[in-house]
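Let's take a friendly walk through a protein model and look at how some of its side chains meet. Keep the 3D view open as you read.

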Amino acid sequence: MAAWFLLIVALASTVGAFGRVTSEAVTIPGSDSQAARDTAGAFDDAASGRQPVVLYAPAGTAPLSSSGQRRAVEEAARAVEGVDHVVAVTTPYEPGGGGLGADGRTGRLTVELDVGGRDITPETTRAVTDAAAPAARAGIEVTAGGDLAAAADKGSTGHSEIIGLAAAFVVLALGFGSLVAAGVPLLTGAVGLGASLCLIGLAGHLMDMPSSGATIAAMIGLGVGIDYTLFCLTRFRELLAAGVGVEDSAARTTAGSGKAVVFAGSAVVAALAGLALGGLPLLHALALAPGIAVLVAMAATLTLLPAVLSLIGPRLTPGVRAGRTVRAARQARAEREAPDDRAPYEKTPGDEAPRTNAPHARTPDDGAPGANALPQAEDRGERREGPAPDGWGRIAAFVASRPWRCLLGGLVLTGVLAAPAAQLTFGQLDAGDKAVGTASRTAYDRVAEAFGPGANGPLQVVSTLPAPASGPDDTRITAVTAALRTTGGVASVGPAQLDASGTRVRWQVIPTTAPAAPDTVALVHRLRDETLPAATGGTGLMTHVGGATAAQADLNERLAERMPLVVGFVLAVAALLLLVAFRSPVVAVKAALMNLVSVAASYGVLTAVFQWGWGASLIGLEGPVPIPGYVPLLMFAVLFGLAMDYEVFLLSAVRAAYLRDGDNRGAVVSGLSGTGRIITSAALIMVSVFLGYLLSDDPVVKMFGIGLATAVALDATLVRGVLVPSTMVLLGRANWWLPGVLDRLLPRLAIEDDGHDGAVPPAPPAGDAPLADARSAS
């Protein structure tokens, strides 16, 4: 605990000294937009580029074209030039300043800084807008735009984390019946969250880390951190109630349930690693951020949690009954260990209790991690035989008795939810999708109204000449200028600019449509495929189209191209991990396919809510918004990893029951009824955490909140409660078939084994090859 305390202090101090850094820059190696960006690097531009500060004279005040307002604007520009990091300011009255809008009431100060967009802080934006006070005193509204606005709009998601933690505390307190026990998962989750955010903020100094990356990491890290601790804490309480000492219970919990946590967490990280196949730095960053959060959550579960359990273990059961619970458990254990002449037994070295060969005999610690859900049988000092007569026990029995009906009904329901996903298309967001009242949205709306929607997202056309140009009037340049101006969808073209060597030239092209509009993307392709090849044919010019819209279009195309590869990799990794864990190719393939069901349903909900706008107003959006291509791809990797958590805990319980009794149907019922409540509680916590992020103003964060919450809710209820058990009942003993070749090649793992369990399963019936294969893996 002291080591974790020192680590948090060290990370917080480092972040305090260097700051957390994010960047919305998109690098797409090998793309036309990246070539345009690299070529434009030859121009002597400021590090920040040209950042707008929008000026607006409301009705009732003099227009910006009046002499008094002009003096105020020019005075404000001189004051802004004195702000730290500002190297140049251009007024709307100067050449290249952009001019005034048609109504004469809107204009822009163009600000250039010596720092890039990732290093512009809210303090920098505030200093710039404060320095423009002369304009404000004249009644002019001053609003930062571009990266200045993005820095000003950066908000903390602390309220979302607080809501998630509060919801988790309520679920845990009701389930455990102990406020102290409910606080343990929150402690490890909060510690892991703090360490993760610090590490991700520092990673932003080394790579372009989107601001949404830290939020997504917080969302996932907090959810899995609490869930992992929940599974371990449940096992710890079972061992305590069975009379095991506090320190031994902590150690055995880490050896057993901790092993399952490592497996589940590694599955999440492995799925995220598949995003590296996308070949995009953006995907690397978006995979790294939640990957760090999951690894830190695993580390906290394996090191901080057992230390906390050892320290406060006796207080982790309901206070009024803790004493007699332990006494009753010890008495029951003593009775079980007493000699019993009614059934022969054999004792193996290191066993704490006799191992009987009776078909349904159990040792006190038999079963998978978390086999007894939150209201545990050990609170009365006993263990039940057979499924608990609770809601999940009845559901398990119902599904097992009607597998075909349940399977078909579940598939129909998920099919209805997944149907909209067939129309999912990749789009791009712009400042017009920001929340009303933010600086980005206000500046966007003012510019769009005065200069046209395309002024918010100019395209940049860049050419490299084989020989230096004589000047802007060079015929090679004028031919391109004329072609650009006559292209459909182009509102205006700025004058050609030459670099110092005269071998590179660029034009600023203003589209007639908004940056995120499909027509603007179509214009990008028209320029690349038709206008520029026709205008530069035979001249030797190498021409590229860049800008934010072009970069996003290239990004979506690259993602669509690489998505099958990433999906295939994640599916293969998931199936391989499950094969190693449960030594059954049927279980591995079936589980991977079932994970696809919940992902498809979440894609359908994502499409309906965001792309179609169904219920968008309920989550703080004005209507439909485009879905960036990286959102579904990152969601796929994350969801496949998270689904492995519940898959591992459910299948561990089913497999343990099957190895013990040899009854496939009974094992499915026992496993589902035994793990249903803890998995549902864990899912409820994670869903609460995800939905808490709907309070964010960022549409991307809302997308992840809705998508992840939908998938986890479906996965823990419909998929794990209906589809998985019904298919396992129908497949029968084929679930546990293992070819001899794989039997020899696969390692023999027992994820749920803590080194003390291991009741000897009954001998299989003669000729039962599948059961024999399954027993060989025990």
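We begin with a salt bridge: the side chains of Arg-583 and Asp-743 come together at 2.1 Å, N to O. Arg-583 sits in the loop between H18 and H19, while Asp-743 belongs to helix H23 (residues 740-745), so this pair ties together parts that are 160 residues apart in sequence. Please keep in mind that the model is predicted.

Is Arg-583 buried or exposed? Arg-583 has a relative accessible area of 2%, and because buried means under 20%, Arg-583 counts as buried. Asp-743 is buried too. The backbone of Arg-583 also deserves a look: its phi is positive, about 50°, although Arg-583 is not a glycine. The loop that holds Arg-583 runs between helix H18 (548-582) and helix H19 (585-611).

Side chains of opposite charge can pair when their charged atoms come close. How many salt bridges does the count come to? The count comes to 15 salt bridges. Three of them are set side by side here.

| Salt bridge | N to O distance |
|---|---|
| Arg-583 and Asp-743 | 2.1 Å |
| Glu-141 and Arg-446 | 2.9 Å |
| Arg-235 and Glu-238 | 3.2 Å |

Take the pair of Glu-141 and Arg-446, whose side chains meet at 2.9 Å. Glu-141 lies in strand E4 (residues 141-144) and Arg-446 in helix H15 (residues 439-451), so the pair ties together parts that are 305 residues apart in sequence. Glu-141 is partly exposed, with a relative accessible area of 32%. Arg-446 is partly exposed as well, at 21% relative accessibility.

Now turn to Arg-235 and Glu-238, which share helix H9 (residues 211-241) and are three residues apart, about one turn of the helix. Both of these residues, Arg-235 and Glu-238, are buried.

Salt bridges can also share partners here: Asp-32, Arg-528 and Asp-554 are joined in this way into one network.

## A charge over a ring

Which ring does the charged end of Arg-506 sit over? The ring belongs to Phe-43, and the charged end of Arg-506 is 4.2 Å from its centre. You can find Arg-506 in strand E11 (residues 504-511). With a relative accessibility of 10%, Arg-506 counts as buried.

The side chain of Arg-506 has polar contacts too. One joins it to the side chain of Asp-45 at 2.8 Å, and another, of 2.9 Å, links the side chains of Arg-506 and Gln-497. Leaving aside residues up to four places away in sequence, Arg-506 touches several others, including Ala-40, Gln-460, Val-461, Val-462, Pro-495 and Ala-496.

## Rings beside rings

Phe-636 is buried at 3% relative accessibility, and Phe-640 is buried with a relative accessible area of 1%.

## Another positive phi

His-85 is not a glycine, yet it has a positive phi of about 80°. Look for His-85 in the loop between helix H3 (67-81) and strand E2 (86-90). At 38% relative accessibility, His-85 counts as partly exposed.

## Stepping back

Finally, zoom out to the whole protein. It has 24 helices and 13 strands. Of its 778 residues, 56% are buried. The protein exposes about 30200 Å², and carbon and sulfur atoms supply 60% of that area. Among contacts between residues at least 6 apart in sequence, 80% join residues at least 24 apart.

Terms used
Residues are numbered from 1 along each chain as its sequence is written. This is a predicted model: local features need pLDDT of at least 70, side-chain atom pairs count only at pLDDT 80 or more; totals for chains, interfaces and linings use all residues. Side-chain values use heavy atoms; hydrogens and water are left out. Buried means under 20% relative accessible area, exposed over 50%, partly exposed in between (1.4 Å probe, protein chains only). A charge sits over a ring if NZ of Lys or CZ of Arg is within 6 Å of the ring centre and within 35 degrees of the ring normal. Helices (H or I, at least four residues) and strands (E, at least two) are DSSP runs, numbered from the N terminus. A polar contact is a pair of N or O atoms within 3.5 Å; within protein, one must be able to donate a hydrogen and the other to accept it, and residues adjacent in sequence count only if both atoms are side-chain atoms. Contact means heavy atoms within 4.5 Å. Accessible areas come from the Shrake-Rupley method with a 1.4 Å probe; for residues, only the protein chains shown count as cover. A salt bridge is a side-chain nitrogen of Lys or Arg within 4 Å of a carboxyl oxygen of Asp or Glu.
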